[in-house]
Amino acid sequence: MLRAVRPPALRVKLYNTYRQCVRGYASVTDLAAYPKPGTQLHGFTLKRAEHVPELELTAIHLQHDKTGADYLHVARDDKNNVFSIGFKTNPPDATGVPHILEHTTLCGSEKYPVRDPFFKMLPRSLSNFMNAFTSADHTSYPFATTNAQDFKNLMSVYLDATLHPLLNQNDFTQEGWRIGPENPLAVASGDGQDTDARKLVFKGVVYNEMKGQMSDASYLYYIRFQDHIFPAINNSGGDPQKMTDLTYEQLRKFHADHYHPSNAKLFTYGDMPLSEHLQEIGQRLDRFEKVRPDNDIKSPIDLSAGPSYISVKGPFDPLVPENMQYKTSTSWMTGDTTNILESFSMRVISSLLMDGYGSPLYRALIETGLGPDFSPNTGYDNSAKKGIFSVGLNGVKADDVPKVKQAIHDTLSEVKQKGFDSSKVDGILHQLELGLKHKTAAFGMGVMQRLTPSWFNGVDPFDALAWTKTVDAFKAEYARGGYLEGLLEKYLLNDNTLTFTMEPSSTYAQELAEEEALRLASKISQATEQFSSAEEAQEHLQKREMELLEEQEKGRSQNLDCLPTVHVKDIPRVKEKTIVRDSSVDTVKMQWREAPTNGLTYFRAITPFKDVPDTLRELIPLFCDSVMRIGTKDKSMEQLEDLIKLKTGGLSFGYHASTSPHVISRCEEGLSFSGYALDRNIAAMYELLQTLLVETDFSSMHAQKMVRELLQSSSSGAINSIAESGHSYARRYAEAGLTPQGRLSEQTGGLTQVKLITSLASDPELDLETNSGSQTMSKLITNLKLIQSLIIASLRTARVALTCGAEASHANESHLARFLSSTTSTISTSASDLLNSASFPPPKAYPRTSKSFFPLPYQVYYSALSLPTVPYTDHSGAPLAILAQLLTHKHLHHEIREKGGAYGGGAYSRALNGVFGFYSYRDPNPLNTIKIMSDAGRWAAEREWTERDLEEAKLSVFQSLDAPESVSQEGMVRFLSGVDEVMEQSRREQLLDVTREQVRSVAEKHLIAGILDGNLAVLGEKKDWVKEGDGWRIEDVGMAKAVHAGEDE
């Protein structure tokens, strides 16, 4: 998986750094339980150890004696243990060799010489996380599990995969790149006359992954920016235009040069014994001798000579008006990131300048209309040796590009002159306090991901873990006055900058296609030179593809006895109960989860709706954004944001829909709102919730401006959001015509929602500069106000879930009662009367048993085929869940990913939604995939499933079912879906007891017979095979209207 070459978060939430709880000392963290520094253990020398009380952990640094491998163990009373091995992998060029090697190492090793042991271990494990990441200058292989035997199994596989991979040439061609017939399966089936099937194309899993990645304009902007500001670090993910230059020999050499213990950093975390880890790891590393590690820490360019301007071409965004297509940013170099205090302080400055609607740069750049959203590189990036601070915008007009840099400079100068508001700094520090108390189930993985990038760039991980020390040092410097303003002047109030702009090109996609065609022709010509004729070369490439297919097919029936595994018997038949109690406040039902929360209260409420018209439902996401943007008559949103940061850990609003566990046709919908706060601030939290719900002022001209701004911001990133998760969008649309939940989900979070937002954003009637009295805006505001009234009226029938310590229950109940009483008293009309007071168009109809195609400017495709099934409590639900895992791991992965070249593909069963489906992701061959999906039921019904097959499928299901849970999530399944512990336990037993006969039965009933009720959706470039005469429905997501709006202006 490509990792750090993706854009960083735009506005870093400092309180997310280390979310956890502080409890009493556990023996695993007691320094006295560990040897003294200098002690030798299983081939390692313990260098130092330190207890970090605020994080309730003990960090232990060791070094392997023979190879010098660095090893950090973080001991903590946490059953979710983590392992990672990483290597410094500075990319020598843009061929993507680190990325392709990351994939290829996992295709077989000396101890585990089977095809793709990584993927074959997925269903032989109870891990809750397994992956590998290619970052800009290092590659990491992490996993997390709560099972001790599973930990040993996976550690063995990971160590052998990275240190002793087979690196077969066929694995390189499968994962990296090759030239072969577009549809070899059609050729193999004897359809040799099909010229499209025989057409030679570039293939490869990573090649197609990166073609899909390059379809994301945000990613493209970020990576081109990195190319210029950090040319010493090539694109580790790989540029498709360069990837086809990589040779098999270069791949093997890169592994030999970089994947050595002397160049490695190992990390373990959790409550399992360190000595056992050392014994296993030490034996593996002792086979190596010490070599010189890659200590080359790259640096970005020097900007001290003054301003630099670079402009590159990029794709046209069809969902954004034609005259708002530029992306531009200005960047500065800051200090050495090994200075932990200064780096922390620069992150504080970044948050103060850009986090929130009231932040200075948001107001100066976005509120003024220079652009609808920050650029992908915006923020402070401390992942490398030198910090980089960037500010920019998407969706900028050509004439406004130079204005962006000037506005940034003017804003920074003004902030320096006025100084930072101390209350806003207090808000950030309060978030840090909450972050140290907030429990998460993935704390260990978060620590690993937080430490690893800086560790590879010279930052001492002990310094990075010294959280309280860093915060105390910051407070001391800040108390002296002028500290943050001094850093602002030191690094940002100068013109030693890089201004990077991406200009839109309407021919960009065409030029990419032409470049690939020329490159392909050149590579084919090179291959032809080795043969007597072009026909002989074609036959050779086709034969090689058939050999790869044959090898892939053999891998399906390979003996896997060499691979370790856990067993279904390791899964408890009865899951530990989560104790909750019920009560009520007037007509409001309450669920209580009383547990140790470190003095925090977690609140969640659902206000159910009935018979909501589509027009209002589709606007609920916009309403949720609006209440966090507009403000009230008495308080601006900036003031409210400051209060939220000072008094809570955050408030959120969102749409809720949940299918009945008993009947698929019955679905609850409503508004969900939540928040958490220190127990001492729960009254303030409820007051803020009431203010946002009741007092948000939709009637002002300011509200109209803010709504327009929100629409433009959402629209500007829509095309990239689809590119990142296209299979999810395809799946939502495919499910929309099958179940009520599917329909509601599509309207509020699918392509329907995208089309609505982009059409509103590009509607000239909503341009307040030219249409101040717009009827369209007036109607939109009226509907948002109606939703507001509907929510308040529905509070009388709301459900509330509270998680807190027992000592805080009484205060919570009394404050909640006052909140409900004062909020509902603001409106006397019932919800039904509110809805009856207005007229709306009839409900939308979504297709069923149809094929829908969405033309989008991507180089690869995303598809989904969905089928209706049964409710959660139906006995067929368990075998359907097992069937989804069987199909994914035993069939679809091989056919869609290995043979077809897609980055991903599989099956899913959504028990609470009553649907079963298939999907593919970044897929170069959708027609072949559609056939595989359609035939999957028959394949499953005719397969002779073994007990081992069933065992692996059950393990796969329980990975997520028994994954560790944060205290704030305990009891939420019951609250959100109505699935109680009796239902959960019954389903658990059914899953454990699924038989081969049951799997075959549900395959015949729901996949073979049920295929007639299925819905298919495909997203991508429209080609000749998409014809309405062949049953395809061609759908538009609003591209034409956006372009037309740009032409009108």
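A residue counts as buried when its relative accessible area is under 20%. By that criterion, 61% of the 1049 residues of the protein chain are buried in this predicted model. The chain comprises 40 helices and 29 strands. Its radius of gyration is 29 Å, close to the 31 Å given by the globule rule for 1049 residues, so the chain is as compact as a globular protein of that length.

**Overall dimensions and contacts**

- Taken along the principal axes, the box filled by the C-alpha atoms of the protein chain is roughly 80 × 75 × 65 Å.

**Helix pair α25 and α32**

- Helix α25 spans residues 682-695 and helix α32 spans residues 809-824; their axes are 10 Å apart and meet at an angle of about 20 degrees.
- Angles under 35 degrees count as roughly parallel, and α25 and α32 are therefore roughly parallel to each other.
- On the α25 side, the contact is formed by Ile682, Ala683, Tyr686, Leu689, Gln690, Leu693 and Val694.
- On the α32 side, the contributing residues are Ala811, Asn812, His815, Leu816, Phe819, Ser822 and Thr823.
- Classified by type, the contact of α25 with α32 contains nine nonpolar residues, five polar residues and no charged residues.

**Helix pair α29 and α30**

- Helix α29 (residues 740-749) packs against helix α30 (residues 751-761) at an angle of about 30 degrees, and their axes are 4 Å apart.
- That angle makes α29 roughly parallel to α30.
- The crossing in which α29 passes α30 is right-handed.
- Glu746, Gln747, Thr748 and Gly749 of α29 make the contact with Leu751, Thr752 and Gln753 of α30.
- The residues in the contact of α29 with α30 comprise one nonpolar, five polar and one charged.

**Burial of helix α28**

- Helix α28, residues 726-736, is mostly covered, with nine of its eleven residues buried.
- The buried residues of α28 include Gly726, His727, Ser728, Tyr729 and Ala730.
- Tyr733, Ala734, Glu735 and Ala736 are also among the buried residues of α28.

Note on methods: Residues are numbered from 1 along each chain as its sequence is written. This is a predicted model: local features need pLDDT of at least 70, side-chain atom pairs count only at pLDDT 80 or more; totals for chains, interfaces and linings use all residues. Side-chain values use heavy atoms; hydrogens and water are left out. Axes are lines fitted to C-alpha atoms, for helices over the stretch in contact, and angles run from 0 to 180 degrees between N-to-C directions. Helices (H or I, at least four residues) and strands (E, at least two) are DSSP runs, numbered from the N terminus. Angles under 35 degrees count as roughly parallel, over 145 as roughly antiparallel, 65 to 115 as roughly perpendicular and the rest as oblique. A crossing is left-handed if the near helix is turned anticlockwise from the far one by less than a right angle, and right-handed if clockwise. Contact means heavy atoms within 4.5 Å. Ala, Val, Leu, Ile, Met, Phe, Trp, Tyr, Cys and Pro count as nonpolar, Asp, Glu, Lys and Arg as charged, and the others, Gly among them, as polar. The radius of gyration is taken over C-alpha atoms; the globule rule is 2.2 Å times the number of residues to the power 0.38. Buried means under 20% relative accessible area, exposed over 50%, partly exposed in between (1.4 Å probe, protein chains only).
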